[in-house]
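Here's a quick briefing to read with the model open. Grab the viewer and follow along.

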Amino acid sequence: MALIEWRDEFNTGDAGVDHEHRELVDLINELHGKLGKAGATRDEVEEFLGEINVQISTHFALEERVMRNASYPDYQAHKDNHEELLDDIRDIMISYDAGAYETFEATLTQHLNSWFTTHFSTFDAKLHAALPHAHHDA
Ligand SMILES: [Fe+2]
Ligand SMILES: [Fe+2]
């Protein structure tokens, strides 16, 4: 079973953002699946973490640019939460690198799951409800 099942409350109303969020969820589920089979090498796990870090950083940078362009009033709080999430993922990468393999999966699962279920449905939902959408698939 996937670590993160997509839920209606994750939808922000912005098709582009929802698409990126789904890509992040898919990537995290893929890593989780690999870990679950116990077949992933340390190199593979590290590569995956690196990829997740890059995709999340890129996504956050885009969102922050959208907020600045719109003079979004809650920019700072939202950006602060992004920074916390990035710090967390870097801590996880460092502790994995330092040999915390046994506790790794539990920590990762817990963190990634709570980030997405809370950040998407709070900060991101609020942001995209507040912004006019220049292009929208719906
Ligand atoms: Fe966000
Ligand atoms: Fe987001």
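Predicted model: local features only at pLDDT ≥ 70, side-chain atom pairs only at ≥ 80, totals over all residues.

A salt bridge here means a side-chain nitrogen of Lys or Arg within 4 Å of a carboxyl oxygen of Asp or Glu.

**Salt bridges**

- The count comes to three salt bridges.
- Glu 64 sits in helix α2 and Lys 79 in helix α3, so this pair ties together parts that are 15 residues apart in sequence.
- Glu 64 is buried, at a relative accessible area of 8%.
- Lys 79 also forms a salt bridge with Glu 83, again with the closest N and O atoms 3.2 Å apart; both residues lie in helix α3, four residues apart, or about one turn of the helix.
- Shared partners join Glu 64, Lys 79 and Glu 83 into one network.
- Glu 83 counts as partly exposed, with 32% relative accessibility.
- Asp 74 and Lys 126 make another salt bridge, at 2.6 Å, N to O. Asp 74 comes from the loop between α2 and α3 and Lys 126 from helix α4, so the pair ties together parts that are 52 residues apart in sequence.
- Asp 74 is partly exposed, with a relative accessible area of 29%.

**The iron ions**

- The iron ion (ligand 1) has Glu 63 (OE), His 78 (NE2), His 82 (NE2), His 119 (NE2) and Asp 124 (OD) as its protein donors, lying 2.0 to 2.2 Å from it.
- Of these, His 82 is in helix α3 and Asp 124 in helix α4, 42 residues apart, and both are buried.
- His 21 is buried at 0% relative accessible area, and His 59 is buried at 3%.
- The two iron ions (ligands 1 and 2) are 3.6 Å apart, and Glu 63 coordinates both.

**Helix α2**

- Helix α2 covers residues 42-69, 28 residues in total, and reaches 41 Å from its first C-alpha to its last, close to the 40 Å expected.
- Its buried residues include His 59, Glu 63 and Glu 64.
- After α2 comes Ser 71, with a positive phi near 45 degrees.

Conventions
Residues numbered from 1 in each chain as written. Chains lettered and ligands numbered in written order. Heavy atoms only, no water. Helix = DSSP H or I, 4+ residues; strand = E, 2+ residues; numbered from the N terminus. Expected span 1.5 Å × (residues − 1). Buried < 20%, exposed > 50% of the residue type's maximum accessible area, 1.4 Å probe, protein only. Donors = N, O, S within 2.8 Å, 3.2 Å for Na, K, Ca; no water.
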